[in-house]
Amino acid sequence: MSFSRLRYWYMHLYLVVFAMYTYLNKGIAYGFFAEAVLLLGLLLLVADLKQYVIPYSTPLLCVLIFISAAIIWSLLALPTQPPAAILKDAAVFIYPAFVLVIFLFLPLWPQFIKGVVRIYAFYPLVAFTSLQLSINFPEWVEFSLFNDVSLLLVKFGDMAVHLLISSLLLLSGYIKMDRRLLLINAVLIIYLLLMVATFTRGGFLAYAIGIGLFFWSYRKKFNAATLRSYLLVFGLFFAVSIFFYVNTRAEENFQGRAVGVEQLLLNIKTVFSNEEDGALTDNKLWRLAWWYKIVSDAQDPVIALKGVGPGPNLALLGEVAVEDDSLRSPHNVSLTILARFGIPLLMVWLGWLYITVIRPLRSNRLSTFNRIVALVLVAAFFNASFDVYLEGPMGAFLFWTMVGILLTQDYLDTATSPL
C-alpha cells in the first residue's frame, strides 16, 4: 500500500477517534485511543520524513520546546519516580505532538476540515441524547468500558468548549444542513448551555468569552435592524430551551448543584462573591489555597528554575486535602506548568499563547475560519484555567488539534496569498 493511501486511511482513523472523544469524552479516555493515534501518526511521520512538510514558525518552535521539555524532565525524573506517574504528569507537554501529526494531512486538507465540521454539525444532537439517557435511565449510567468510568459521564466544562465550536461554525455558515435542523441545533445548544451554566461556572464563562469575542470582532457588520432580529430569534429559542430546562429532572451532582433557575443565579453570584456558604464557595476557596501554595513554593530558586518535575503528586506536596488520590493537578494548566516545569517554561507557555492566539486576534488579519479556531483556543485555555483539561486527552486532543489546524491553515493562507 502506498504511503498516500496510508495517510488517507490514517486521516479517517484520526477523525473517528476525534469524534469518539468529542461525543463520549471521559467515558473512553481510559481506552488510550488518543495516545495510540498520536503514536501511530508519529510513526507515519518518521516513515515518510522526506515528504513531510513542516510549516516553520515561532509558534511551532515553542511547541517543539514543550515536547523537548517533557522528554528531558521525564528522563531526569526516572531514577526517583514511577514511570506511570511520570507519563501522566508529563502528558501536558507530550500532547502538543498532535500539532506535528496534523501536518500529515496537508495533501488532504479540505477533506480533513470537512470531517471536523461534520463532527460538530451533529454534536448538539449527540450531546443532548447522551445527557437525556444519563438523566432518564440511571441504570445506563452504570455501564462503563474502561476503568469503571461511565460511558455517559458528562464533563460540562468540556461540553462548553464543544458547544462553542458548534455555535461559531453555525453562525459563520460552515455547517450546512436543512433549515429545520439548524433551528433544532440552535435550541439544543441553548438548552445544553443552560445545563453547563448549572454545573460549571468556568465552562460557562469560557463559552461566554468565546461567543462574546466573536460578536465583538464582527460588531461593525451588525446594524440596529439586524441586532433586533437576532435578539428576537434568540428570545424565541431561549423561551423554548428554558421550558425544557426547568422541566429537566436531573439529580444533584456531588457538589450539591441541581437544575433550576435559582442554581443558575447562585452560580453567577459566587463567581464574584464569597458571601454564599456551601460547596460553591468552598470549591473556589479550595482552589485558591492550592494555587497560592504553588506560587509560594515557586519562590524557592530551584523550584522556580525547573519545578518539581513529573511524578510527584502536587496535591500531596501542597498538603491539599482531596477525596480522590488520583487528583494530581490544581485545576489550572498554567499553575501545573509552573509547579512541574518552573518559571522559564511558564513564560514560554504564556508567550506562546500570546503570539499564537492573542496577537493574531488583535491584529484582525485572521480569516473567519482561523478566527473561529483562535477563539476556540481562547475558550479552551480559559476552561483549562479552572479544570483539569489540557493535562488529559479529553481536552488536549481537541486543543492541540485546533492548534495544528490554525498553524496549517495560516501556512496555506500565506502560501496562496498574492503578496
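Hi everyone! Let's start with a crossing: helix 9 and helix 10 cross in a left-handed way. Please keep in mind that we are looking at a predicted model.

Which residues of helix 9 make the contact? They are Phe156, Met159, Ala160, Leu163, Ser166, Ser167 and Leu170. From helix 10 come Leu182, Asn185, Ile189, Leu192, Leu193, Met195, Val196 and Phe199. Sorted by class, that contact has 12 nonpolar residues and 3 polar ones, with no charged residues.

Now for the two asparagines. Most residues other than glycine have a negative phi. Asparagine 25 is not a glycine, yet its phi is positive, about 55°. You can find asparagine 25 in the loop between helix 1 (3-24) and helix 2 (33-47). Asparagine 147 also has a positive phi of about 55°, and it is not a glycine either. Look for asparagine 147 in the loop between strand 1 (144-146) and strand 2 (149-150).

Is asparagine 25 buried or exposed? Its relative accessibility is 6%, so asparagine 25 counts as buried. Asparagine 147, on the other hand, has a relative accessible area of 55%, so it is exposed.

Note on methods: Residues are numbered from 1 along each chain as its sequence is written. This is a predicted model: local features need pLDDT of at least 70, side-chain atom pairs count only at pLDDT 80 or more; totals for chains, interfaces and linings use all residues. Side-chain values use heavy atoms; hydrogens and water are left out. A crossing is left-handed if the near helix is turned anticlockwise from the far one by less than a right angle, and right-handed if clockwise. Helices (H or I, at least four residues) and strands (E, at least two) are DSSP runs, numbered from the N terminus. Contact means heavy atoms within 4.5 Å. Ala, Val, Leu, Ile, Met, Phe, Trp, Tyr, Cys and Pro count as nonpolar, Asp, Glu, Lys and Arg as charged, and the others, Gly among them, as polar. Buried means under 20% relative accessible area, exposed over 50%, partly exposed in between (1.4 Å probe, protein chains only).
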